[in-house]
Amino acid sequence: MLSALLLIPFAGALGLLCWPGELATERIRRAALGLLVLQLLWSLRVLLVFDVSDPGLQLQESFAWVDSIGLDYRLGVDGLAMPLVLVNAALTLVSAICTRDLSQRPRLYFALLLGISGAVNGAFLSENLLLFFLFYELELIPLWLLISIWGGANRGYAATKFLIFTAISGVLILGAFLGLALVTGQADFGINPVTTAQLGMGTQLVLLGALLIGFAIKIPLVPFHTWLPDAHTEASTPVSVLLAGVLLKLGTYGLLRFCLGLFPEAWALLAPWLAGWAAVSVLYGSLAAIAQRDMKRMVAYSSVGHMGYILLAAAAATPVSLLGAVFQMVSHGLISALLFLLVGVVYRKTRTRDLEVLRGLLNPERGLPFTGTLMILGVMASAGMPGMAGFISEFLVFRGSLAAFPLATLLCMVGSGLTAVYFLLLVNRAFFGRLAVTPPSGDPVADSRLEVRLPAVALRETLPALALASGVVGLGVLPWGLGKLSEQATTAMAQLPALVAAIQGGGLLS
Amino acid sequence: MRPIPRSPKPPLTFSGGLPSSDDLVETLLAGRTLLAESPDHLSQVVDVLESYGEVLDAYSINLIYQAEKQFLNPFPVFRFLDGDHSPAKIWRHLLHDRINFEYAEYCQKAMLWHGTGGLDAYLDSEAFAANCAAIVARKTRRDPLLAALNPLFPQFLGELIRSAATTHALGQFWRVMSDLFIDLARAERDGRVDSIAAVVTFIKEGLVAAAGAPITYAVEIAGSRFWVLPPEAGLTFLMDVAVPYVEAVFLRGTPFLGTVSFNAQAQQISPDQAQFMYGALYADPLPTMGSGIPPSLLMQDMYRHLPDRLHQTYLAGIRGAGDVRVKICMTFQKAMFCVTNAAIAGTFPHPLDSDVPAQQAANRAYAAAWAARLCVARTDCLDDPG
């Protein structure tokens with residue numbers, strides 16, 4: 001059953017590439033949409049048969065692939081992966097829906113989109129470390145192509161930077177996995193916690209350090225974040241949606257599944273430092289967001305800040321904080337995708353994202369009032385307003401981490417307050433006041449006489465954002481569904497015997 | 001696959017010309033029209049004035065009804081129903097399926113507040129005070145509420161009568177203007193008006209023809225008739241009502257309702273009413289989300305009566321019906337510049353072709369006074385083809 005989640009996008013991508021003869025862009029788009037709808041439906045089918053009371057991996061599929069190097073095709077899903085698989089299916093579909101005016105190579109574009117989605121599914125469902133790595137790397141080249149072919153003016157620089165950073169991330173992760181196999185002598189590459197009885201703490205720390213830096217680049221955490229704002233700025237809207245909503249989650253997923261899951265004792269030892277790192281990342285991301293004048297860069301830096309919450313929750317490693325981490329992954333996926341979609345609409349209509357230029361976009365007749373309304377909803381959710389997804393996730397993260405790391409948690413809460421600061425700056429500058437889409441001329445009378453003729457936003461352009469906004473509010477009002485889905489898995493993760501032993505030994509709270 | 005060549009994107013902004021004061025003086029003295037001459041402008045102005053005429057007809061009827069039938073009614077709850085209290089009418093009223101008579105009241109209050117011209121002078125006269133005293137004496141005889149209020153607030157009923165007098169005068173003014181604008185549309189359809197210059201001339205001739213028409217107002221109380229604005233006051237259409245109306249509504253206006261307190265507190269509003277520039281010729285067609293901005297009420301009303309030709313023009317625009325009120329406002333401002341143009345042309349102190357240097361100087365000074373005010377108005381619409 002899980003293999004279908006890989007088969008649909010990969011076979012679809014291959015089919016699109018190999019289909020004989022010329023295909024019109026719209027036909028290719030429809031075919032890709034059909035495949036992605038099928039993928040979403042299949043993901044929902046997996047959800048239906050998923051047993052929420054079982055904390056372990058379910059629906060497992062396995063066969064030996066390259067036995068000699070320990071690369072087995074082993075798939076399984078648990079409460080940590082299930083929500084992310086759903087988010088992947090939903091956001092790839094949204095990305096495809098909001099792909100319009102594709103001027104070149106539509107066949108390659110949609111094939112890459114499908115390929116990324118399949119690779120992400122593979123990474124989330126892998127039970128084998130090498131298989132995970134394979135899929136983790138598999139999404140790298142398609143994303144690089146998506147940025148470097150369909151990106152903005154400075155796309156070459158941004159794509160190369162992304163490639164270099166993520167390649168180093170991959171090398172570190174592969175190195176850690178191979179190192180683990182080497183020092184433990186177990187070459188099956190299974191996801192089994194390592195204890196001090198098997199491996200010395202020094203070695204554990206080295207391997208965990210490599211994994212941490214590898215995933216910190218992907219998440220990204222300060223100071224490994226510099227590729228993200230550039231990549232977002234140059235990527236097209238659908239690619240930004242995918243990047244922020246899904247691909248960053250590979251890093252946070254890796255943090256929970258492999259860093260915490262493989263090295264619970266070393267994790268417990270490092271946890272206070274990790275909490276401090278989280279606070280620095282949150283505050284740096286938030287303060288950097290305040291300084292931005294490009295809407296997209298501001299949203300990108302907000303991602304850097306908000307990913308820090310997940311590191312804090314993982315560091316605390318309590319059942320509540322880990323559940324909060326899952327909520328934060330899902331809610332950040334929806335909210336950041338929503339914000340990037342809306343910034344994309346603003347850019348498409350006004351041809352700028354400059355906060356020193358844009359004014360009054362909420363103008364009811366000549367502006368983008370519905371886009372502005374959704375943007376206000378999105379930034380409220382991101383700032384953690386009650387009733388929306390951001391509140392649930394931040395509350396769980398803070399509630400679960402406060403007892404373990406009070407100072408780091410309080411600093412992260414300040415970061416949450418800073419989210420309100422930079423997003424209110426965004427909304428106030430771009431959406432309130434008299435409508436303007438050009439820089440001030442210096443003559444107030446001439447500026448106040450300037451007529452603005454923005455094209456209207458069609459309903460079909462707003463529907464994806466509306467769907468995401470509904471998800472953000474739905475998750476905020478009815479969080480129990482996701483809670484139920486992940487609670488067993490995150491509780492089990494927090495109660496890993498080695499982790500519990502380390503906590504009892506005072507490692508966590510020392 | 002080769003990249004598909006894209007057509008150049010249309011500009012997102014339009015910057016209309018902002019003629020200087022000197023340019024405007026020369027235009028006025030040369031007898032040229034302020035609004036650029038074009039077939040599009042002609043159809044837009046004529047059509048928007050036709051819809052304005054329809055709206056003014058409703059405003060006029062209601063204002064005269066209010067002044068005569070709701071006179072000194074301290075709780076005029078049904079004043080917008082024109083005396084029709086049928087359930088169907090009340091239901092439509094509650095559903096807001098109606099003209100925004102509030103805009104007419106807004107204009108009336110602007111006139112009363114700015115108080116310029118002969119009408120205001122008469123409202124402050126001894127003769128008017130005597131009329132008020134007689135009316136109040138008669139009215140309070142049978143109305144216990146007013147009888148109780150009057151000694152407590154002796155200025156109250158007098159002020160209500162001033163307001164009613166302005167209301168009736170404005171109703172009479174709009175009666176004439178409504179008919180004039182409907183006639184203009186008819187003339188354009190008949191081919192008698194085929195240019196912006198002809199529109200200005202048509203309006204000027206209409207104003208001049210009605211210039212001397214008397215403005216009078218009487219009320220009936222308990223079977224007796226009382227003059228509020230008697231014929232002997234000598235109030236006339238053009239100088240005592242039309243000119244103060246242009247001053248109050250076209251030029252000065254009032255700070256927008258809802259934002260007035262914030263702007264006043266920020267010292268953004270001049271304490272000198274003569275310096276006000278919030279009238280129709282200055283209004284920003286782009287609403288900025290302030291609540292209760294009255295010009296938008298007028299645009300809603302005009303939308304109900306928009307001629308099909310103008311409606312189709314708007315629908316063909318980039319936003320279709322989505323920004324129709326903004327477009328109406330912009331077209332309306334073009335039309336109001338034509339009306340102002342006609343009013344200026346009709347009130348020059350001397351003929352424009354005069355050879356007498358003193359008369360030429362007087363005309364130039366008159367044009368310069370207008371130009372100084374108009375050059376900071378929304379003149380950007382004058383050469384906007386949209």
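User: Which residue stands opposite Phe14(B) in S1(B)?
Analyst: Glu451(A) stands opposite Phe14(B) in S1(B), where strands are DSSP runs of E with at least two residues, helices are runs of H or I with at least four, and both are numbered from the N terminus. This is a predicted model, in which local features need pLDDT of at least 70, side-chain atom pairs count only at pLDDT 80 or more, and totals for chains, interfaces and linings use all residues. Residues are numbered from 1 along each chain as its sequence is written, while chains are lettered from A and ligands numbered from 1 in the order in which they are written.

User: In what sense do S3(A) and S1(B) pair?
Analyst: They pair in the antiparallel sense over two bridges, pairing being assigned if DSSP finds at least two bridges between two strands.

User: How many residues of chain A are in contact with chain B?
Analyst: 27 residues of chain A are in contact with 23 residues of chain B, a contact being two C-beta atoms, placed from the backbone, within 7 Å. On the chain A side, H17(A) gives the most, with four residues.

User: Switching to His41(B), is it buried or exposed?
Analyst: His41(B) is buried, with 24 other C-beta atoms within 10 Å; buried means 20 or more such atoms within 10 Å, exposed 12 or fewer, and partly exposed in between, with C-beta atoms placed from the backbone.

User: Where is His41(B), and what does it touch?
Analyst: His41(B) belongs to helix H2 (residues 39-69) of chain B, and, leaving aside neighbours within four places in sequence, His41(B) is in contact with Leu35(B), Ala36(B), Ile196(B) and Lys334(B).
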